[in-house]
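Please examine the sequence and the model shown here. The account that follows moves from the overall fold to individual residues.

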Amino acid sequence: ANPALRQTQIDAWLERGVPADLAARIVDLPALEAATDGVLIAEQSGASVADGVATLFAATDALGVGRLRQAGLGLRTTDRFERLAIDRALERTDLALRTISVDVIRSHGGGITGLQHWQKGRAEALAQLAVMLDELIDTGLTTAKLSVAASLMDDLTRAAG
């Protein structure tokens, strides 16, 4: 979405000796992942894929989950079970975002406007979530804290509707 940021990320790969075409494909991988999520959201909500992706991006940004996801992906471990726990917590978070996106579209329409309407009735819960996610990340994200964050996202999806 941001061409300057994309180029900065590509340049970082180029500095490591990665060929330009491969660097661009690596940088574009998250967008491809979002596209598959957008298809799932569209199928479940009856919206277009573009509305599904737009709503997913709006929800990810508004809920601060992008920062959580980056921190979770950056967790290092040598234990395969801890890696499995991290991956499962991230998958739960992704599922929660898709569920929220479907709920937003069904109840208020897609994109940022639909999300803003959805947020109105949930201001207190969303403020509490934001404080908790910030605390979990700012105090040094661990596998246990990531699991708590995924649980908080699960709670938000149960309150959806």
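This is a predicted model: local features need pLDDT of at least 70, side-chain atom pairs count only at pLDDT 80 or more; totals for chains, interfaces and linings use all residues.

Residues are numbered from 1 along each chain as its sequence is written, and side-chain values use heavy atoms, with hydrogens and water left out.

The protein contains eight helices and zero strands, where helices (H or I, at least four residues) and strands (E, at least two) are DSSP runs numbered from the N terminus. The radius of gyration, taken over C-alpha atoms, is 17 Å, close to the 15 Å that the globule rule (2.2 Å times the number of residues to the power 0.38) gives for 161 residues, so the protein is as compact as a globular protein of that length. Along the principal axes, its C-alpha atoms fill a box of roughly 50 × 35 × 25 Å.

Of the 161 residues, 35% are buried, a term that means under 20% relative accessible area, with exposed over 50% and partly exposed in between (1.4 Å probe, protein chains only). R98 and R69 are 29 residues apart in sequence, and their C-alpha atoms are 14 Å apart in space.

Rolling a probe the size of a water molecule over the atoms shows where empty space is left. A pocket is an open set of points, on a 1 Å grid over the protein atoms alone, where a 1.4 Å probe fits, with protein on both sides within 12 Å along at least five of seven lines; lining residues have an atom within 4 Å of a point. The largest pocket has a volume of about 1200 Å³, the volume being the space filled by probe spheres set on the points, which are joined across faces, edges and corners. Its lining comprises 24 residues, of which V27, P30, A31, F57 and Q70 lie nearest the centre. Helix α2 gives the most to this lining, with eight residues. By class, the lining has twelve nonpolar, five polar and seven charged residues.

Finally, the charged end of R16 sits over the ring of W13, 4.8 Å from its centre; this requires CZ of Arg, or NZ of Lys, within 6 Å of the ring centre and within 35 degrees of the ring normal.

Technical notes:
Ala, Val, Leu, Ile, Met, Phe, Trp, Tyr, Cys and Pro count as nonpolar, Asp, Glu, Lys and Arg as charged, and the others, Gly among them, as polar.
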